[in-house]
Amino acid sequence: MIDFDNFHLIFYFKFPCAYLCTMVYLTAEGISKAFGERVLFKDLNITISEGDKIGLVARNGAGKTSFLRILTQKELPDSGAIKIHKDVTVGYLSQDTELNENATILDTVLYQKNPITEAIQKYELAIEHSAKHHDDASNNQLHDAMMKMDALNAWDYENDIKKILSSLKITDLEREIKTLSGGQKKRVALAQILIMEPGLMILDEPTNHLDIEMIEWLEEYLNRKKMTLLLVTHDRYFLDRITDEINELDDYQLYRYKGNYSYYLEKKAEREFNQGRETDKAKSLYRKELEWMRRQPKARTTKSKSRIDDFYVTEEKAHRTKEEVEIKLDIKMNRQGGKIIEMKHVNKAFGDLQIVKGFTYTFSKGEKVGIVGPNGIGKSTFLNLITGKDEPDTGKINVGDTTVFGYFTQEGIKLAEDKRVIEVVKDIAEVIPLSSGEKVSASQFLKFFGFNDVMQYTPVSKLSGGEKRRLHLMTVLIKNPNFLILDEPTNDLDLITLTTLEEFLQHFGGCLLIVSHDRYFMDKLVKHLFVFEGNGEIRDFNGTYSEYRTEQLEKEKAEKKGKNPPKNIPAPVQVSTAPEKKKVAYKDKREYELLDSEIPALEAKKKELETKLSDGNASHKDISEWAKDFQRITKMIDEKTTRWLELAEMM
């Protein structure tokens with residue numbers, strides 16, 4: 001027999017790194033949370049160690065966001081304890097951004113405390129001190145500061161920031177946070193976390209409000225960087241390619257799967273199958289033990305008491321069943337005639353921004369089309385043109401008499417907060433007819449989309465953001481449309497609901513038009529794309545999103561290859577005799593860039609004043625004021641140009 005205590009002791013001394021080399025960043029033990037009678041989870045345990053990349057999945061309303069907030073100590077659990085290593089910083093990206101509304105983008109993303117910014121500040125102070133005091137102490141201080149900058153690779157910090165901001169399409173850094181849209185705020189908050197580079201990143205739906213190019217960049221960035229992650233996302237490709245462990249919050253418990261999303265799906269199916277077998281065994285045993293309990297045994301021996309205790313455990317297992325929905329929804333949609341939608345030479349612009357240019361297309365029965373393109377390029381406007389919410393500038397859009405739209409918008413609809421979930425659905429329809437001729441009740445329809453009996457009688461005001469979007473989606477589907485338009489339907493929906501929605505849409509017999517940044521969702525449902533390429537150009541692409549993206553990447557690769565010099569012609573070797581340049585202070589770099597934009601603006605102002613001064617119709621008072629401004633601006637240009645040249649020399 002193996003003495004496991006001695007075995008572990010010997011193993012520890014022979015291989016101490018197996019125990020000590022991986023630092024535990026965060027531990028949570030016995031975490032429970034409930035809101036009134038609604039229990040979210042109980043006695044959850046999780047350990048996050050250095051280098052872990054963990055995905056957290058659960059149905060909407062199961063408590064994912066509450067769990068993340070508890071782990072980041074922004075919310076208190078009902079019971080349990082959180083321990084975070086004293087040397088670990090935690091960066092948390094919440095679904096609802098928590099930014100200073102009066103700060104600028106620059107202040108938000110750049111001037112934050114982290115090891116790199118602290119190293120830069122110490123380096124700049126050391127430079128100033130060394131310039132004033134030419135002694136050994138100041139030289140040693142500068143040397144130490146430079147070594148720290150080297151160790152943290154802080155010299156490239158500004159370039160790294162620019163890459164992140166550019167990739168997330170964040171511009172105009174002087175704008176205040178309060179002037180930004182919800183999507184822009186989310187991207188700024190994400191940039192803030194990435195720039196901060198905390199020891200542990202906890203990200204709640206980081207891909208929301210990102211277009212596909214941004215998502216692919218973020219995917220590559222998180223894979224390239226050695227970091228520790230806990231993330232919630234509905235993007236299955238993202239989850240599959242980033243994570244090496246999945247934790248599923250289900251039935252108040254946390255199940256751990258050591259592998260990516262594909263591995264999790266396989267093992268989850270095995271777990272549910274085994275649980276089903278255990279439940280069947282428990283039910284059989286329960287029936288036998290129930291007979292024994294009904295005979296009310298008089299002998300209260302230790303053995304009988306133990307059997308009674310076991311009975312209650314068996315009873316709990318026997319009744320621990322998941323509500324399975326047997327129906328397969330194939331809603332009887334409104335009849336669709338031969339003419340659906342015809343678009344002829346459609347043009348739409350807002351000022352100089354061309355949204356649609358000369359677009360012509362005729363929709364066919366049962367067609368499923370995806371729409372892709374960067375944010376802000378006009379996809380939602382295109383949908384509004386089809387549904388008649390916006391009018392084209394020129395061209396015609398003819399909608400067939402039998403075409404009935406179902407339009408799920410990003411903004412959603414206003415749901416009566418005081419109404420119960422089932423009342424919202426019953427206000428539209430008490431029963432829903434299926435194409436088979438059968439009918440399902442409003443309650444059955446709700447169960448198909450994950451609203452159990454308890455949730456059906458929950459007020460709308462108590463629903464989570466994802467649950468409200470799910471309910472909004474149902475109010476669209478229940479009206480039996482034959483032309484369904486979904487604008488970002490996957491945002492804030494859990495993976496279980498997404499699978500249900502995909503199954504529903506695969507059986508949908510009408511036309512389907514989808515705008516989505518969820519690549520998996522698009523690949524599964526559409527084989528035809530409208531690609532928005534800018535300046536009103538819409539490309540008609542026959543194929544899946546993955547096929548389109550592969551073609552695009554090959555094209556970009558070929559273009560990049562064409563720009564490179566031929567490999568058989570060696571580049572001339574240049575030997576530099578110039579002295580090595582000193583490291584430039586971060587603030588000097590910043591000043592140099594600001595001057596680069598300030599000087600042209602002053603030159604333009606000077607030219608404007610020259611034009612005014614040459615106008616003979618101006619009053620003496622105006623000429624006098626303009627002349628003073630002209631002298632002041634000329635002096636500023638001279639001073640700033642001199643400083644710019646000094647800095648350029650340093651660069």
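Reader: Which residues form one aromatic cluster here?
Author: In this predicted model, one aromatic cluster is made up of Phe359, Tyr361, Phe363, Phe382, Phe405, Phe483, Phe530 and Phe532. Rings of Phe, Tyr and Trp (its six-membered ring) are taken as a pair if their centres lie within 6.5 Å, and the planes count as stacked under 30 degrees apart, as edge-to-face over 60 and as tilted for the rest.

Reader: And how many aromatic pairs does the structure hold?
Author: There are 20 aromatic pairs in the structure. In one of them, the ring centres of Phe359 and Phe382 are 5.5 Å apart with the planes at 85°, so this pair is edge-to-face.

Reader: Where do Phe359 and Phe382 lie?
Author: Phe359 lies in strand S11 (residues 353-362) and Phe382 in helix H13 (residues 379-387), so the pair ties together parts that are 23 residues apart in sequence. Helices (H or I, at least four residues) and strands (E, at least two) are DSSP runs, numbered from the N terminus.

Reader: Is Phe382 buried or exposed?
Author: Phe382 counts as buried at 0% relative accessibility, and Phe359 is buried with a relative accessible area of 8%. Buried means under 20% relative accessible area, exposed means over 50%, and partly exposed is in between (1.4 Å probe, protein chains only).

Reader: What about charges, which ring does Arg241 sit over?
Author: The charged end of Arg241 sits over the ring of Tyr237, 4.7 Å from its centre. For this, NZ of Lys or CZ of Arg has to be within 6 Å of the ring centre and within 35 degrees of the ring normal.

Reader: Changing topic, how many salt bridges are found in the whole structure?
Author: The search finds 31 salt bridges, each being a side-chain nitrogen of Lys or Arg within 4 Å of a carboxyl oxygen of Asp or Glu. Among them, Glu248 and Lys268 meet through their side chains at 2.6 Å, N to O, and both of these residues are buried.

Reader: What does the side chain of Glu502 meet in a salt bridge?
Author: Glu502 meets the side chain of Lys524, at 3.3 Å from N to O. Glu502 is in helix H18 (residues 495-506) and Lys524 in helix H19 (residues 519-525), so the pair links distant parts of the chain, 22 residues apart. Glu502 counts as buried at 1% relative accessibility, whereas Lys524 is partly exposed at 32%.

Reader: How are the residues numbered, and what is left out?
Author: Residues are numbered from 1 along each chain as its sequence is written, and side-chain values use heavy atoms, with hydrogens and water left out. Local features need pLDDT of at least 70 and side-chain atom pairs count only at pLDDT 80 or more, while totals for chains, interfaces and linings use all residues.
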